[in-house]
Amino acid sequence: MAKNDAKDYNPDSILSPDYEPMRFDEIEDDDLFWLGDADGNNPAFRKINEKQGYNTRDGIVSDFVYNQTVYQRT
């Protein structure tokens, strides 16, 4: 009997954003980035300089380590 693996296959929607992991120091100033790789409670930040990002939802400036993993949408 043939095995049917299709019933377990559940791909992401084409409308869901893809997040690419990057280091904080790899993104350019004024670029948007996220701290997580999923939607929901995951506000966007805008990079201000090599150490800080601006939370676009709360308006709070936060400090970041240069090698912290952040995510950008592709």
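This is a short chat about a predicted model of one chain.

Me: What are the ground rules on numbering and confidence?
Reply: Residues count from 1 along each chain as its sequence is written, and side-chain values use heavy atoms, with hydrogens and water left out. The model is predicted: local features need pLDDT of at least 70, side-chain atom pairs count only at pLDDT 80 or more, and totals for chains, interfaces and linings use all residues.

Me: How many helices and strands?
Reply: 0 helices and 6 strands. Helices (H or I, at least four residues) and strands (E, at least two) are DSSP runs, numbered from the N terminus.

Me: Which residues make up the largest nonpolar core?
Reply: Met 22, Phe 24, Ile 27, Phe 33, Phe 45, Phe 64 and Val 70. Such a core is a set of buried Ala, Val, Leu, Ile, Met, Phe, Trp, Tyr and Cys residues joined through side-chain atoms within 4.5 Å. Buried is under 20% relative accessible area, exposed over 50%, partly exposed in between (1.4 Å probe, protein chains only).

Me: What does Ile 27 touch, leaving aside neighbours within four places in sequence?
Reply: Met 22, Phe 33, Lys 47, Val 70 and Gln 72. Contact means heavy atoms within 4.5 Å.

Me: New topic. Where is Asn 42?
Reply: In the loop between β2 (32–34) and β3 (44–47).

Me: Buried or exposed?
Reply: Asn 42 is buried, at 11% relative accessible area.

Me: What lies 2.8 Å from a polar atom of its side chain?
Reply: The backbone oxygen of Ala 38. Beyond four places in sequence, Asn 42 has contacts including Tyr 19, Trp 34 and Arg 57.

Me: And the whole chain, what share is buried?
Reply: 23% of its 74 residues.

Definitions and conventions. A polar contact is a pair of N or O atoms within 3.5 Å; within protein, one must be able to donate a hydrogen and the other to accept it, and residues adjacent in sequence count only if both atoms are side-chain atoms.
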